[in-house]
Amino acid sequence: MNDTIVEARNLIKHYKDLNALDNVNLSLSANRIYGLLGRNGAGKTTLMSILTAQAFATSGEALVFGASAYENEAVLSRICFIRESQKYPDDFQPQHAFRSAALFYKNWDQAFADRLAEDFQLPIKRRIKKLSRGQLSAVGVIIGLASRAELTFFDEPYLGLDAVARQLFYDRLVEDYAEHPRTIILSSHLIDEVANLLEHVVVIDRGRIIMDADADDIRGSAVTVSGSAETVDAFLLGRKILHRETLGSLASVTVDESLGSRERAEAQELGLELSPVSLQQLVVRKTMAGVGSTGVGSDTGDFADDTLEARR
Amino acid sequence: MSRTVAVARMQLINKWTYIGWPLTILAASFLMSLAIFALIPVQEGKYGGGSQAPMWYFLVLGIQSMTLVFPFSQGLSISRKAFYLGTLGLFSLIALGMTGLYLLGGVIERATTGWGVYGYFFNIPWVTDGPWYSTAAFFFVVMMFMFIIGFWFATIFKRWGTSGTLVSTLGTSVALIGLAALTTLLGWWGYVGSWFAQQSPLSISGWAALLCVLLAAGSYATLRRATP
């Protein structure tokens, strides 16, 4: 399926002193799980807010199901976006929030919501105001899952959830997604935890999309080569280096390229060790590469410093 | 349309917010007033202002529907228009029900000569002196006014933050003081006084209703661009 259901064109969101979104172009297809990854303040929530018409772009266009979501009931009724800092009516208990969601989502599954509440050990008759951070997150997660909206956003849904609850969320998400395919956008900075769920990865940094690729294409798109510093450097001469670490005379260098089988064989002959780069490593390295002055120049600069340091 | 109705139903899921608390506040205020009336050993009409107690709660409701219910409605992808119409519609119904209760209370009160203790809670001099529909209009409009003013201030706050609220509050005060100063300068207080003397509860309700409509329209214009 390649029906585009979300399309952002030249989105710019300008706050007083920063560009929260800096010319974002994005196109998302139906029935996939997307990861929207990036650091805190990178623009993840802003982007999701604008797509769902909860906030307004300074300029540019955001289309969901082919139209702007703003005041558009036909589009809005197919979207669910519970934000990380979601507010609830003062007297509401989780059960009230669930019954509210049931009024607005035609695919709402109350039995599923009840089961999830039990899984998360959520006290559904306690005032939401009195819930812990993790329980508050659970309320949002349950609404997001049980609403079965065609386009569901999860905004850092794991805040305050313990490891067991997080795993539960990931498991339930995958199970339910298999039975009821829909488009899910999972914003996260715990990348390793969600890496296996994602079919497509969008990385945003300082308001710009710095990576937009299929998870399958990303796996193996970068590799870390380690061995004696001189051999490694000679082997990787002229390649796109993302990161370099040295320990004594040993170096471990991450390149933003995949190696062919001939190159892999060559590396083995040279006694170099090849290891895969996790999605989290890749995102961190790419984001950090952007923080430095930019481009290949700074990479070689780091390279020289590291080399000097290693030789001392 | 159905989503507008759903917005109203959503806010009735917890019956306390819109029904339980107003009735509790009214009952508590009524019983306390009655106890005080009974303690005053006077055999003539005693009037208290206790029946205004729920009005202040309506002000709070107006504020909270903007600061808390609106963000929640956004999370459920409810359009701003559906939220606005559903919330205002719900409140109109509540105000209508409360007005009915006040009228009924007033009738019983008169029939029992102030609950047997000459205490008047629902009857207020001047306000309830006219025909029943004038009394009804007055109560209804006052309740709507309290809710809408709370809602309006909260929309200003949501949209423009503390500074916006401050500017609009100060601005309103300055404008009112300016009007008063102008009236003094021109020596018009006499006219103002006689204008007020000519007003009936019904005409005051009319003016207040006009103000409600203006504030409600202003709130909607602001809400259209508000973010949760």
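A: Helix H1 of chain A, residues 44-51, is mostly covered, with eight of its eight residues buried. Buried means that 20 or more other C-beta atoms, placed from the backbone, lie within 10 Å of the residue's own; 12 or fewer is exposed, and in between is partly exposed. The model is predicted: local features need pLDDT of at least 70, side-chain atom pairs count only at pLDDT 80 or more, and totals for chains, interfaces and linings use all residues. Residues are numbered from 1 along each chain as its sequence is written, and chains are lettered from A and ligands numbered from 1 in the order in which they are written.

Q: Which residues of H1(A) are buried?
A: They are A:Lys44, A:Thr45, A:Thr46, A:Leu47, A:Met48, A:Ser49, A:Ile50 and A:Leu51. Helices here are DSSP runs of H or I with at least four residues, strands are E runs of at least two, and both are numbered from the N terminus.

Q: What follows H1(A)?
A: A:Ala53 follows H1(A), and its phi is positive, near 65 degrees. Most residues other than glycine have a negative phi.

Q: Where in chain B is B:Ser77, and what is its phi?
A: B:Ser77 lies in the loop between H3 and H4 of chain B. Its phi is positive, about 55 degrees, although B:Ser77 is not a glycine.

Q: Is B:Ser77 buried or exposed?
A: B:Ser77 counts as buried because it has 26 C-beta neighbours inside 10 Å.

Q: How do H3(B) and H4(B) pack?
A: H3 (residues 53-75) and H4 (residues 80-111) of chain B pack at an angle of about 160 degrees, with axes 11 Å apart. Axes are lines fitted to C-alpha atoms, for helices over the stretch in contact, and angles run from 0 to 180 degrees between N-to-C directions. H3(B) and H4(B) are therefore roughly antiparallel; angles over 145 degrees count as such, under 35 as roughly parallel, 65 to 115 as roughly perpendicular and the rest as oblique.

Q: Which residues make the contact?
A: H3(B) contributes B:Pro54, B:Ser65, B:Val69, B:Phe70 and B:Ser73, while H4(B) contributes B:Phe83, B:Thr87 and B:Met98. Contact requires C-beta atoms, placed from the backbone, within 7 Å.

Q: How does H3(B) meet H6(B)?
A: The axes of H3(B) and H6(B), residues 132-186, come within 7 Å and cross at roughly 35 degrees. Their contact has 16 nonpolar, five polar and one charged residue. Ala, Val, Leu, Ile, Met, Phe, Trp, Tyr, Cys and Pro count as nonpolar, Asp, Glu, Lys and Arg as charged, and the others, Gly among them, as polar.

Q: How many residues join the two chains?
A: On chain B, 24 residues are in contact with 26 residues of chain A. H3(B) supplies the largest share of the chain B side, seven residues. That side divides into eleven nonpolar, eight polar and five charged residues.

Q: Changing topic, what is the strand order of the sheet in chain A?
A: The open sheet has six strands in the order S5-S6-S7-S3-S8-S9, with mixed pairing. Strands pair if DSSP finds at least two bridges between them. S5 (79-82) and S9 (208-214) of chain A stand at the edges with a single partner strand each, so one side of each has no neighbour in the sheet.

Q: How many bridges join S5(A) to S6(A)?
A: Four bridges join S5(A) to S6(A), residues 151-155, and the two strands run parallel. A:Phe81 has A:Phe153 in S6(A) as its bridge partner.
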